[in-house]
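Please look over the structure below before reading the briefing. The notes cover its pockets, its cavity and its sheet.

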Amino acid sequence: MRAVDERAAEQVVPFRWGRALINRRLNIVHDVNFLIADRLDGADAESLAAEADRIQGDAGISHRRVNVDDQLAADRMAPAFVAAGYQPERFVVMVRRRPSNRQVDTAAVREVDWAQLRPERELERRGQPWSKQPGLVEQIVAKQELTASRIDTRYFGALIDGRVVSSCELRTEGDAAQIETVETLEAYRRRGLSRAVVSAALEAARAYTFVFLVADANDWPQEFYRRLGFEPVGIEWRFLRLPDG
């Protein structure tokens, strides 16, 4: 995950406790502009927040984000980050350990290209409460294109009347595969389409020995992924401060 993150950066800035990823072209996208703190000897929330102010401020990035890649350290630092105006975000890393709890019909699923998928991605994002920020949707879609140019990425979509209404990505490298960006347009939910597209991607990933995904630790999809054979193995912590925070 971190290797792919770095490939999408225009600049990697080292600092005492890790490195910062900078992409000025996509300056309002949190997922391509953040600090990775993974050498934490002597670090605390205040010192990491100060580094975020220094590095991201110098780069003209208005938000602040720090990923603390040590679960115990992140647990310890969370109260101080909150006191400094940061919002803690927890994501569960899940690895596929067993088969799905039941077979699913994937007849409606096709491997699609980005041109087919992009309208769905844009529509889904424009329906979100945060999408009103000028340029944000365009930058997020551009970030997805950038990431796909840095790692082998395949797209699986469920089509209704020729339109992609549910989809996911399969990223692969070496012996590892990642399921990413599972989405279904609101009008087509509760039809089993997410299960179908993920099942098709998992079938395509059968040759890989390590298959994983990352899901919001505070949301229901992780239970859906458990039914598909995934089990949690750890927490990814992110601390985010928005410009008006």
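The second largest pocket holds about 260 Å³ of space. A pocket is an open set of points on a 1 Å grid over the protein atoms alone, with protein on both sides within 12 Å along at least five of seven lines, and its lining residues have an atom within 4 Å of a point. This is a predicted model, in which local features need pLDDT of at least 70, side-chain atom pairs count only at pLDDT 80 or more, and totals for chains, interfaces and linings use all residues. Residues are numbered from 1 along each chain as its sequence is written, and side-chain values use heavy atoms, with hydrogens and water left out.

**Second largest pocket**
- Of the 14 lining residues, Arg96, Ser100, Gln103, Ser199 and Glu203 are the closest to the centre of this pocket.
- Helix H6 (residues 193–204) supplies the largest share of the lining, 5 residues; helices (H or I, at least four residues) and strands (E, at least two) are DSSP runs, numbered from the N terminus.
- The lining has 5 nonpolar, 4 polar and 5 charged residues. Ala, Val, Leu, Ile, Met, Phe, Trp, Tyr, Cys and Pro count as nonpolar, Asp, Glu, Lys and Arg as charged, and the others, Gly among them, as polar.

**Cavity**
- The whole structure has 1 cavity of 30 Å³ or more, where a cavity is a set of grid points at which a 1.4 Å probe fits but cannot get out.
- The largest cavity has a volume of about 30 Å³; a volume is the space filled by probe spheres set on the points, which are joined across faces, edges and corners.
- Lys143, Gln144, Thr147, Ala148, Thr153, Glu169 and Arg171 line the largest cavity.
- Helix H5 (136–148) and E8 each give two or more residues to this lining, and H5 gives the most, with 4 residues.
- By class, the lining of the largest cavity has 1 nonpolar, 3 polar and 3 charged residues.

**Sheet**
- An open sheet of 11 strands runs in the order E1-E2-E3-E4-E11-E5-E10-E9-E8-E7-E6, with mixed pairing; two strands pair if DSSP finds at least two bridges between them.
- Strand E1 (11–15) and strand E6 (109–112) are the edge strands, each pairing on one side only.
- Strand E4 (residues 64–68) pairs with strand E11 (residues 230–241) in the antiparallel sense over 5 bridges.
- Trp237 in E11 is the bridge partner of Val68.
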